[in-house]
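Biologist: Please take me through the structure shown here, one point at a time.

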Amino acid sequence: MTIVLRALLTLLLWAAAIGGASAQSSLRIGLAEDPDVLDPTLARTYVGRIVFASMCDKLFDIDQKMNIVPQLALSHETSQDGKTVTIKLRPGVKFHDGEDFNADAAKYSLERHLTMKGSFRKPEIAAIESIEVVDPLTLRLHLKQPYAPLLAQLTDRSGMMVAPKAAEAAGDKFGLHPVCAGPYKFVERVQQDRIVVEKFADYWNKDKIHIDRITYLPIVDSTVRLANLRSGGLDLIERVLATDIKTVRQDKRLALSKAVSLGYLGLTTNIANGPKADNPLAKDPRVRRALELSIDREALNQVVFNGEFVPGNQWVSPQNPYYQEKFPIPKRDVAKAKALLKEAGVTTPLSLDFMVPNGVELRQVAEVLQSMTAEAGFDLKIRLTEFATSLKQAEEGNFQLYLIGWSGRTDPDGNSYSFQVCNQPLNNGKYCDKEVDAAHQEARAGASQAARKAAYEKVAAKVLNGGGPIIYLYHPQVLVAHTDKLDGYVQMPDGLVRVVGLTLKQ
Amino acid sequence: MLAFLTRRLLQIVPTIVLVSMLIFGLQQLLPGDPALIMAGEERDPAVLAQIRAQYRLNDPVPVRYLFWAKGVLAGDLGESMRLKSSVASLVEEKLPVTLQLGAMALLFALGIGIPAGIVSAVKKETAWDYAANVFALWGLSTPNFWLGILLIFLFSVTLGWLPASGYVPLGEDWRQSLGTTIMPAFVLGNALAAVLMRHTRGAMLQALGADYVRTARAKGLQEGRVVLKHALRNAMTPVITLGALEFGTLLSGAVLTEQVFTIPGFGKLIVDSVFNRDYAVVQGVVLVTSTIYITLNLLADIAYMLVNPRLRG
């Protein structure tokens with residue numbers, strides 16, 4: 001027995017020597033999931049966008065205040081009728097394989113997004129009818145109809161430019177070895193283990209790139225991800241749990257960066273999707289109003305997220321320029337909620353099938369909601385459902401209330417249109433109102449921010465305060481923790497990890 | 001002997017076919033729609049329709065099975081819907097990882113379980129015996145997930161001795177490779193060590209009470225020699241067979257351990273693929289795993305035959 005113990009101890013000490021020996025030569029980023037295919041046209045996951053942020057530059061980007069700023073484009077101009085967008089491109093840009101970036105290459109990339117089999121980008125930029133190369137550094141997009149969210153789409157994967165020759169040669173296998181025009185070029189990928197990229201010597205903005213190599217490591221468990229950061233195995237991790245903020249703050253070697261996310265969490269009501277919609281909540285806006293009034297958003301935020309998230313009642317956060325100040329977050333009012341239920345002739349408790357995707361945080365949110373709404377006369381029957389299953393059941397109308405979030409888009413259209421307009425794919429409750437549809441079309445065509453905001457006010461008047469299919473609850477914080485050796489990190493509301501300007505002290 | 005071998009080999013084929021049909025069928029019972037997951041957040045109807053057509057999701061299950069089986073017979077395990085890479089290449093990449101982890105876990109289990117079992121039998125009803133039994137009980141009742149997190153906090157966060165997760169292939173840097181796999185292998189081998197300890201203890205107690213041991217002692221042999229040469233040799237046959245069979249179970253136990261330590265092996269591949277309803281990958285991995293399991297069973301049977309000539313009839 002002593003021999004065994006001694007052997008084990010020796011083995012452990014020896015292994016310890018190996019563990020401590022790893023040198024910090026590059027930036028190691030812990031991702032919450034393994035990205036899907038690394039082809040901007042075929043990719044669909046949020047986590048994939050984090051990796052693209054270092055490899056594939058886009059025509060435009062967003063800044064901290066969500067203004068659209070140039071990246072591979074220098075400027076843009078929309079015609080009076082809103083149907084033509086002229087884009088000036090940045091000169092002297094090269095792709096990772098040495099090919100020049102110009103209007104022909106940009107046309108190729110956009111057409112690839114529009115026509116490639118299985119493209120996930122097509123619906124995002126479907127408004128483009130044709131693309132014209134005006135001169136080597138000028139591109140003109142002709143639209144089918146005015147479409148204000150287009151530029152915002154070009155700040156994401158739809159605006160990512162791929163090297164035409166490499167893309168043509170690789171076809172749908174391009175994602176196995178992507179070639180773009182970003183600050184880092186692809187080196188290797190081991191599925192579920194790591195993605196490695198290294199500094200691109202000919203990058204147009206190379207003076208701001210200070211780290212030689214970045215390794216992305218998918219680590220699904222948030223506790224393990226944080227443990228890796230604390231033990232020095234990682235330099236930066238995304239999606240820190242709100243409940244772990246305290247741990248991060250207590251560790252002097254760590255720093256926390258945050259930004260209010262573009263997304264939200266809400267309660268979707270089944271308004272007209274199959275037999276389950278046959279209940280007072282679906283039929284009477286007063287009942288939905290009562291449900292909303294029974295919820296204390298700030299208390300929910302305190303209990304589940306230590307007050308770190310941002311309570312909200314709209315599809316954009318109170319910090320967003322499109323937030324409707326005329327419709328502030330309602331205060332909890334149980335007496336009024338009870339009165340509304342009585343007025344609507346509801347016999348309490350009103351029992352509701354409440355579908356909740358399985359997960360620690362969402363389950364806690366559901367339980368808090370259950371207890372709050374019970375005081376007003378609701379009986380939420382929580383049904384924990386595996387996420388993929390819940391998507392299918394939501395589509396089939398197998399729910400009365402569904403606790404589901406949205407990761408958010410830069411343009412408000414991306415947070416509202418597909419959920420509130422008749423027969424749209426994400427309108428699970430089958431809500432339908434012609435006036436809301438018209439106001440959304442008006443917002444899409446609006447030339448100025450003021451005009452669009454006015455159109456969204458009409459939407460808000462209809463869908464907020466119980467009128468619509470979703471009771472918006474809060475906006476998460478994008479939480480990123482990193483070592484204090486990392487300088488220059490700025491968190492953007494879209495949650496992506498931007499690597500330009502970062503330095504790592506040894 | 002030859003007839004037995006032929007018979008057993010012939011049994012393997014229908015078994016694998018049956019297993020593959022069963023898994024294919026069961027997989028279809030999984031709620032949720034792979035196209036919905038594949039289509040991403042926005043779920044455009046045209047994209048959904050295109051995915052369903054491309055991966056034959058509208059075809060009846062038997063048709064899809066036959067299509068898949070035809071591919072397998074031609075050596076093609078299909079393509080991952082999510083990653084766009086071939087299932088065969090994924091298997092080729094992940095299998096060695098899990099085999100290494102499994103082999104190390106087995107070494108841990110044998111290295112801890114058998115000596116502990118011997119000591120506990122020889123020192124029956126002493127502090128050694130009680131300690132070994134407590135260890136066995138602890139090993140059997142500790143969830144892998146919890147133990148894994150605990151070890152990470154102790155050895156990675158607090159002491160900073162071992163990397164908390166990740167994997168380095170043996171061929172790349174064997175020392176770092178052992179550094180990344182030592183904790184997960186221990187966690188994985190822990191329960192098996194407990195099982196082996198209990199079995200060794202039982203078998204040794206039986207052997208130590210046998211007539212030939214008494215004879216050996218009566219002849220004046222040293223106690224160490226009696227225990228190791230006479231009793232242990234006889235007690236080991238069932239224990240080693242058990243160890244070989246449990247190797248298959250270790251591979252399936254790797255699912256949780258690989259998830260905790262982020263080891264990119266079979267376990268992690270199958271978990272991710274199930275959550276993403278990446279049917280081709282699940283099917284391919286299960287086919288390979290069941291083939292390994294069935295082969296191990298066959299090898300165990302052959303080993304028994306070799307050890308016990310009475311079974312050869």
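Biologist: In which helix of chain B is B:Leu296 found?
Modeller: The model is a predicted one, and B:Leu296 falls within residues 279-307 of chain B. That stretch is helix 12.

Biologist: Which residues does B:Leu296 touch, leaving out those up to four places away in sequence?
Modeller: Contact here requires heavy atoms within 4.5 Å. With residues up to four places away in sequence not counted, the partners of B:Leu296 are B:Ala244, B:Phe247 and B:Gly248.

Biologist: What separates the C-alpha atoms of B:Leu296 and B:Leu22?
Modeller: Along the chain, B:Leu296 and B:Leu22 are 274 residues apart.

Biologist: What area is buried between chain A and chain B?
Modeller: The contact involves 54 residues of chain A and 63 residues of chain B. Carbon and sulfur atoms give 62% of the buried area. The total between chain A and chain B is about 5,000 Å².

Biologist: Which residue of chain A forms a salt bridge with B:Arg277?
Modeller: Across the interface there are 3 salt bridges, and 11 residue pairs are in polar contact, both residues being at pLDDT 80 or more. In the salt bridge of B:Arg277, the closest N and O atoms are 2.6 Å apart. The partner is A:Glu386.

Biologist: Which element gives the largest share of the side of chain A that touches chain B?
Modeller: At least two residues each come from helix 1 (2-20), strand 8 (184-190), helix 6 (222-230) and helix 13 (387-396) of chain A. By class, this side has 27 nonpolar, 13 polar and 14 charged residues. The largest share, 11 residues, is that of helix 1 of chain A.

Biologist: Is the peptide bond from A:Thr348 to A:Pro349 cis or trans?
Modeller: A:Pro349 is found in the loop between helix 11 (334-343) and strand 15 (350-357) of chain A. Most peptide bonds are trans. Here omega is near -5°, and the bond from A:Thr348 to A:Pro349 is cis.

Biologist: What is the phi of A:Gln192?
Modeller: A:Gln192 lies in the loop between strand 8 and strand 9 (194-199) of chain A. Most residues other than glycine have a negative phi. A:Gln192 is not a glycine, yet its phi is positive, at about 65°.

How values were computed: Residues are numbered from 1 along each chain as its sequence is written. Chains are lettered from A and ligands numbered from 1 in the order in which they are written. This is a predicted model: local features need pLDDT of at least 70, side-chain atom pairs count only at pLDDT 80 or more; totals for chains, interfaces and linings use all residues. Side-chain values use heavy atoms; hydrogens and water are left out. Buried area is the accessible area (1.4 Å probe) that two parts lose on being put together, summed over both. A salt bridge is a side-chain nitrogen of Lys or Arg within 4 Å of a carboxyl oxygen of Asp or Glu. A polar contact is a pair of N or O atoms within 3.5 Å; within protein, one must be able to donate a hydrogen and the other to accept it, and residues adjacent in sequence count only if both atoms are side-chain atoms. Helices (H or I, at least four residues) and strands (E, at least two) are DSSP runs, numbered from the N terminus. Ala, Val, Leu, Ile, Met, Phe, Trp, Tyr, Cys and Pro count as nonpolar, Asp, Glu, Lys and Arg as charged, and the others, Gly among them, as polar.
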